[in-house]
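I opened the model today to look up a few residues and the overall fold. My notes follow in the order I took them.

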Amino acid sequence: MTVCLHTLAAGTGRDRDAVTAGLTLPWNSGPVEGHVNRIKMLKRQMFGRAGFQLLRKRVLLK
């Protein structure tokens, strides 16, 4: 457990600018993550049933 915590702390220290920006800036990627999650769900539902063209239609038509 302490090795994992030490690794996390070291990584956070190395990327301090990104951590600070993530905690202080008002922007987030929530909406984008929601769209990606929806597309992955559609892809899982259609696995083995259809090709790229049908997946593309479902994504674009919502």
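I started at Cys4, which is exposed, with a relative accessible area of 56%. My cut-offs are these: buried is under 20% relative accessible area, exposed is over 50%, and partly exposed lies in between, with a 1.4 Å probe and protein chains only. Cys4 is found in helix H1, residues 2-14. I then took a distance from Cys4 to Leu23: 22 Å between C-alpha atoms, for 19 residues along the chain.

A note on the source: this is a predicted model, where local features need pLDDT of at least 70, side-chain atom pairs count only at pLDDT 80 or more, and totals for chains, interfaces and linings use all residues. Residues are numbered from 1 along each chain as its sequence is written, and side-chain values use heavy atoms, with hydrogens and water left out.

Next I looked up the fold. The protein chain has four helices and zero strands. Helices (H or I, at least four residues) and strands (E, at least two) are DSSP runs, numbered from the N terminus. Along the sequence the pattern reads α-α-α-α. The radius of gyration is 19 Å, well over the 11 Å that the globule rule gives for 62 residues, so the protein chain is more spread out than a compact globule. That radius is taken over C-alpha atoms, and the rule is 2.2 Å times the number of residues to the power 0.38. The C-alpha atoms fill a box of roughly 45 × 30 × 15 Å along the principal axes.

I checked burial too. Buried residues make up 5% of the 62 residues. The protein chain exposes about 5900 Å², with 64% of it supplied by carbon and sulfur atoms. These areas come from the Shrake-Rupley method with a 1.4 Å probe.

Arg16 was next. I found it in helix H2, residues 16-24. Arg16 counts as exposed at 57% relative accessibility. From Arg16 to Arg38 I noted 32 Å, C-alpha to C-alpha, across 22 residues of sequence.

How do H3 and H4 cross? The axes of H3 (residues 30-45) and H4 (residues 52-61) come within 10 Å and cross at roughly 140°. Axes are lines fitted to C-alpha atoms over the stretch in contact, and angles run from 0 to 180 degrees between N-to-C directions. H3 and H4 are therefore oblique to each other. Under 35 degrees would be roughly parallel, over 145 roughly antiparallel, 65 to 115 roughly perpendicular, and the rest is oblique.

I listed the contacts, meaning heavy atoms within 4.5 Å. Arg38, Ile39, Leu42, Lys43 and Gln45 in H3 meet Leu55, Arg58 and Val59 in H4. Gln45 counts as partly exposed at 39% relative accessibility.
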